Amino acid sequence: VKYVPTGIETIDQALNDLEPRRLTLVTGRSNGGKTTFIKQVIANAIDKQNKVYLMNGENDADMLINDLYKTVIGRDDKHYYTIKINKRYFKEPKIDTLVALRAWHKNKLFMFNKGESKLKTLEELMKMLEIEIKYNQYDLVVIDNLMSILSVNAAEKYEQQADFTQMLCDLSKNYNTHIILVLHPNKTYQKGEDMDMEQISGSSDIYNKADNIIAVTREYDEEKVSNGINGYIQVIKNRYYGELVKIETNFDKETGLLLERRYNEWEEQIEVRGYTFKFQDYLDEAKGVL
């Protein structure tokens, strides 16, 4: 049985990591840090030798992989070279670094892009997903913005959402995996404020059936941002442990990571908890290949 860490220490302590047989909702506004947090969870899962399946509803697969690579490499410039495209400069991973990264996630990251799929209905999607989970035994399944597959008819859509969520609960329990469903908040949510369950887009069946709900929000107050508080990650539902926590995050532009800000009682100061990934363990293997 594998427990998947998010990499955010306080969140992992509250939830006891992402446990098998559970469904977690992750919600937040566009450009609020939600996608960044999901990317970190995937990277941490792979780094701990978990097998991950990402169902992607909107974003370009190559862009997702490139963002993941930059997150994993971090700020170490020796792994990059710089190229100029017209007026702008871009950092690109070196060849041996790319080979190491591919070895790092080999047989641990699998992706499905809805935009490239011929699936037409929710039933077809769920059948495909069950076959994938059953035969490939993923430890973590991430479903990112796939609610667009549902009918545009409002009444029918709510019914489909309830069925969809129940099927995800059943899949997580039947195949001993953890499933994350990424959702937007509804129109009642105003940017910068704390979120509650009722502000999650869709039917109440979605948040009622979920085991955990995590909200990722961005800070807009200029004074707080200047002090290093770029946003928050908050557990707003924790079915099995009941611990609801909220942490401050600092966005590290170099790595693209949301890092936890915590008060260190020994040092009597705020510290930012950073971490690294073990892709460099594969560099010697990569140099051998090249």
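Below are some questions and answers about this predicted model.

User: Happy to start with lysine 34. Which side chain of opposite charge is nearest to lysine 34?

Analyst: Good place to begin! Lysine 34 sits in helix H2, which covers residues 34-47. Lysine 34 is buried and has no salt bridge. A salt bridge needs the charged atoms within 4 Å, and the nearest side chain of opposite charge is 6.5 Å away, that of aspartate 144.

User: Then which backbone oxygen does the side chain of lysine 34 reach?

Analyst: Leaving aside residues up to four places away in sequence, lysine 34 touches several residues, among them Val26, Thr27, Gly28 and Arg29. Others on that list include Val182, Leu183, His184 and Val216. At 2.8 Å, the side chain of lysine 34 reaches the backbone oxygen of glycine 28.

User: Let's move to helix H3. How far does H3 reach from its first C-alpha to its last?

Analyst: Helix H3 spans residues 61-73, which gives it 13 residues. At 1.5 Å a residue, the expected reach is 18 Å. The model comes close to that, with a first-to-last C-alpha distance of 18 Å.

User: And which residue follows H3 with a positive phi?

Analyst: The buried residues of H3 include Leu64, Ile65 and Leu68, as well as Val72 and Ile73. After the helix comes a residue whose phi is positive, near 80°, and this is glycine 74.

User: Why is helix H4 described as largely enclosed by the rest of the structure?

Analyst: The buried residues of H4 include Leu98, Val99, Leu101 and Trp104. Just after H4, asparagine 107 takes a positive phi of about 60°. H4 (residues 95-105) is largely enclosed because, of its 11 residues, the number buried is eight.

User: Last one: is arginine 239 buried or partly exposed?

Analyst: Arginine 239 lies in the loop between strand S9 (231-238) and strand S10 (246-252). Its relative accessible area is 39%. Buried would require under 20% and exposed over 50%, so arginine 239 is partly exposed.

Conventions. Residues numbered from 1 in each chain as written. Predicted model: local features only at pLDDT ≥ 70, side-chain atom pairs only at ≥ 80, totals over all residues. Heavy atoms only, no water. Helix = DSSP H or I, 4+ residues; strand = E, 2+ residues; numbered from the N terminus. Buried < 20%, exposed > 50% of the residue type's maximum accessible area, 1.4 Å probe, protein only. Lys, Arg positive; Asp, Glu negative; His and termini not counted. Polar contact = N/O pair within 3.5 Å; in protein donor to acceptor, adjacent residues only side chain to side chain. Contact = heavy atoms within 4.5 Å. Expected span 1.5 Å × (residues − 1).
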